[in-house]
Amino acid sequence: MDQRKCECGHTNPVGTLLCESCGKPLNVEVYEQTAFPDMRYEGMARRSQTYTKKWIDRIWNYFSSVKIAIGIIIVILVASAVGTIFPQQQYIPVPVPTEADVARFYTDTYGVLGTVYYGLGFHNLYSSWWFVTLLVLLGTSLVICSLDRVIPLYKALSKPRLNQHKSFLKGQKLFAEGELAPDVDQAELLDSSALALKKKGYRIFRAERAIMAEKGRFSRWGPYVNHIGLILFLIGVLMRNIPGFYMDEFVWVREGQTVAIPDTPYYIKSENYHTEYWSEEEMPAKLELNGGVIPKSFQTDAILYVNKNAEVPGKKPDLIEVQKGPIIVNHPMMEGDLAIYQSGVQEMQLGALNFVLVDVKQGNKELGPIKIDLYNPAAEQEIAAGIKVRVLDYFPDFVMGKDGKPATQTNLPKNPMVALEIADESTNQNEKLVYLQGSVLTQKSDGRFGLVFKKPDLIDISGLNVRIDKAVPLIYFGAFIFMIGVVMGFFWQHRRVWVQTQEGTVLLAAHTNKNWFGLRREVDGLVEQLKLPVTVEEKTKA
Amino acid sequence: MNKTNRTYVRVAVLGLLLVALVFALYSSFVKDPNAVKVGGDAPNFSLEQLNGPELALDDLKGKGVVLNFWGTWCEPCKKEMPALQEQYNKFKDKGLVVVGVNIGEAPVAVEPFVKQFGVDFPILLDRQSQITKLYRIGPIPTTFFIAPDGEVKEIFIGQLNEAMIADKMSKILPK
């Protein structure tokens, strides 16, 4: 038996609390007024309660439960909280190049708990399979809970019940009943009530012996609208996993250098980097800076190129300029979906060493300048007629190796050592010089050539964050819809007032989903205006 | 809505959500779909050679390729280099080539190193570490053993000795 008959003759689906036709509570117990059904879904049967025979319905019913939804939310909350106990993988302070290193880091640093943490995937929480599953389950629950409630609610609200059963009216929190004097024109009483309520902005539904006044019905859709927003938001987050939708890269570019942006056909060149500082006059008050400065802006003047030769990575690029302009913090360079942000800098880094070659034997006569580009030293350069300088050895980050031979620690010019050979072809002279740590070592104590130091080229290296996020419009749109839903639900109330006349009595009842105080004032105003012979009682629900 | 329609709607909604679940799970398991994997194809690239013309990986199809990423600052690379050269000498007539990819160094830094170890297999200069990123190189040396048809047979991170190199090379020789 999946239907139940009301005494008015209407058959209702199982789970219905208030008769769909006359509004009479269907459970015997609810004659006790304290146990009057919750008006949240108008006493309609939740759709899932209706049929439970097929397996598909069972799954549906499971997700339709708000208890399950709350359970999922709590599990997600707890998991997110646990995910903050130890650092996420991306914040590990030491390099962990392989997965084994990551595992070892958690075990070595945090012991058994760390092992468990890593084993359960808490180190990469947002992309761990079970966290992602929980998010999709939450989405499922959102969709099904909403569908299951909004449809019956819509049906109930779009067919307003006018001739409500007396017990429905009596069950409302605001209820009043009074004897009418025999000479009162009942139709006129209802008409004037309708008029008074209409002035208050109510929409009036009229039957022969009853009126129902309603306003702010749309606020009932607020929660469902904000669920739609949440679902769009979740879809947006999920879309980031579609190839090409999301990219987050970081590139370092030296002034004057052109580098490829990984996974795109683009190259970027830094023409100049500049940090601007606040001047004293611009500061609002005297600050005790003690000679310090406060940066105002960080700016890279960049040129963006597209590579026409991009099919084969590494192949000599064929670059065409697409864009030129400044990249400032919070003002990225945009090219289609690609956004390039200023997000780091290493200032005043060694770029090139400058010397002047001198002839010691001729009273330090200047022979010519030598420039050693530390990122790409020329193998040979002609300084003056017949005088050539060759780079024999170059160690950008010099260290004396364990085998006693010079070596380099990295490929960055942090501590450059250069071995030079200077050849004068006219005299067939050959001398070797080594530059290291601000001094020059010569091969012979009485050599002919010497080096005079000049100011080295110092360059700034810009750190640029390159991002593509095609899901952003959808995520913002979802957030916007969510906000609309919240506003709908919070700032408006669904108020209804019923007035009925029954055999010499007048019945008055009112309901709102929030702000009872406001409703009470409107009802009191109505009673006063029409001089209704009733006292409004406001029940507190158990 | 009648009962059959209701079932269809429920199947459709749950089906869509199931697709979303499968997609979400797939993308959480396959974190980097472009990573070079054993059993997958080695992505083609082209780089300038130290003292030679540009060389593309595809030009070496039909030969077994040992792709070794190294730098002069890396001690294990130094120790491995003579072993690679030794095995290259043994296998080069059997259709095998060793290609060294130097990571981001200037030719004047690379050349003395190569001479010091008597390396005569092609050395490519990845000046901007573009190919290093493409192949997701973490610690070096990292060595890829690529079959004549371009399939990656093995990826080895760390220093190789002669016996290991010989064993792995013999598995990627052309038939």
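Me: What share of the 542 residues in chain A is buried?
Reply: Buried residues come to 26% of the 542 in chain A. Keep in mind that this is a predicted model.

Me: OK, and how many helices and strands does chain A have?
Reply: Chain A has 10 helices and 24 strands.

Me: Is chain A spread out or compact, going by its radius of gyration?
Reply: Spread out. The radius of gyration of chain A is 40 Å, while the globule rule gives 24 Å for 542 residues, so chain A is more spread out than a compact globule.

Me: What box do the C-alpha atoms fill, then?
Reply: Roughly 135 × 60 × 50 Å, with the box taken along the principal axes.

Me: Switching to contacts: what percentage of those between residues at least 6 apart in sequence join residues at least 24 apart?
Reply: That's 60% in chain A.

Me: Where does UniProt put the ResB-like domain?
Reply: The unreviewed UniProt entry places "domain: ResB-like" at residues 66-524 of chain A. That span is 29% helix and 38% strand, and its end C-alpha atoms lie 37 Å apart.

Me: And which residues does it list as transmembrane region?
Reply: The unreviewed entry gives residues 68-86, 129-151, 221-239 and 474-492 of chain A.

Me: How much helix is there in residues 68-86?
Reply: Residues 68-86 of chain A are 79% helix and 0% strand, with 29 Å between the end C-alpha atoms.

Me: What about residues 129-151?
Reply: Residues 129-151 of chain A are 100% helix and 0% strand, and their end C-alpha atoms sit 33 Å apart.

Technical notes:
Residues numbered from 1 in each chain as written. Chains lettered and ligands numbered in written order. Predicted model: local features only at pLDDT ≥ 70, side-chain atom pairs only at ≥ 80, totals over all residues. Helix = DSSP H or I, 4+ residues; strand = E, 2+ residues; numbered from the N terminus. Rg over C-alpha atoms; globule rule 2.2 N^0.38 Å. Buried ≥ 20, exposed ≤ 12 C-beta atoms within 10 Å, placed from the backbone. Contact = placed C-beta atoms within 7 Å. UniProt positions renumbered as here; feature names shortened; annotations may be inferred.
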